[in-house]
Amino acid sequence: NNSLHGFAKSVEALWEYNMTDKLADCKVKAGIFVGAKDGGLPASMEKLADQIPGAKFVKIENAGHLPMVEQPKVFTEEVSKFLKNWFLVKGGSIYHG
């Protein structure tokens, strides 16, 4: 059980944590998947994706904060497309493509 006080301290610690100035140096392939009905999050995440070289931004229609639950088929298809674009599976091992 986490206390409300502990949760508040966790949020407080993350509130000022900002590494957006380092996004342009990101070497990891990034896929950002958000629900279209998640308030201001889609616009924020699209701006974030624009700062990461080669990032893939996908807005899932008819979904809010949990697109993987609200639109599981579409979410799975989009994540699968993203992974297939970046990786090749050979003999059970994953190689960067």
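1. A residue is called buried when its relative accessible area is under 20%, exposed when over 50%, and partly exposed in between, with a 1.4 Å probe and protein chains only. By that rule, 19% of the 97 residues of the chain count as buried. The accessible surface of the chain comes to about 7,500 Å², of which 57% belongs to carbon and sulfur atoms; such areas come from the Shrake-Rupley method with a 1.4 Å probe, and for residues only the protein chains shown count as cover.

2. A word on the basis of this note: the model is predicted, so local features need pLDDT of at least 70 and side-chain atom pairs count only at pLDDT 80 or more, whereas totals for chains, interfaces and linings use all residues. Residues are numbered from 1 along each chain as its sequence is written, and side-chain values use heavy atoms, with hydrogens and water left out.

3. The chain has 4 helices and 4 strands, where helices (H or I, at least four residues) and strands (E, at least two) are DSSP runs numbered from the N terminus. Read along the sequence, these elements follow the pattern α-β-α-β-α-α-β-β. Taking a contact as heavy atoms within 4.5 Å, residues 24 or more positions apart account for 54% of the contacts in the chain with a separation of 6 or more.

4. Side chains of opposite charge can pair when their charged atoms come close. With a salt bridge taken as a side-chain nitrogen of Lys or Arg within 4 Å of a carboxyl oxygen of Asp or Glu, the count comes to 2. One of them joins the side chains of K9 and E12, at 3.8 Å from N to O; both residues lie in helix α1 (residues 4-15), 3 residues apart, which is about one turn of the helix. K9 counts as partly exposed, because its relative accessibility is 43%.

5. The side chains of E78 and K81 also meet in a salt bridge, at 3.3 Å from N to O, and both residues belong to helix α4 (residues 72-86), where they stand 3 residues apart, about one turn of the helix. E78 is buried, because its relative accessible area is 18%, while K81, at 47%, is partly exposed. Leaving aside residues up to four places away in sequence, E78 touches F33, V58 and I60.

6. Rolling a probe the size of a water molecule over the atoms shows where empty space is left. The largest pocket has a volume of about 150 Å³, and the residues that line this pocket are M19, T20, L23, S44, M45, K47, L48 and Q51. This lining divides into 4 nonpolar, 3 polar and 1 charged. (On a 1 Å grid over the protein atoms alone, a pocket is an open set of points where a 1.4 Å probe fits, with protein on both sides within 12 Å along at least five of seven lines, and lining residues have an atom within 4 Å of a point.)

7. Most residues other than glycine have a negative phi. The phi of N62, however, is near 60 degrees, a positive value in a residue other than glycine. N62 lies in the loop between β2 (56-60) and α3 (67-70), and N62 is exposed, because its relative accessible area is 52%.

Note on methods
Points joined across faces, edges and corners; volume = space filled by probe spheres on them. Nonpolar A, V, L, I, M, F, W, Y, C, P; charged D, E, K, R; others polar.
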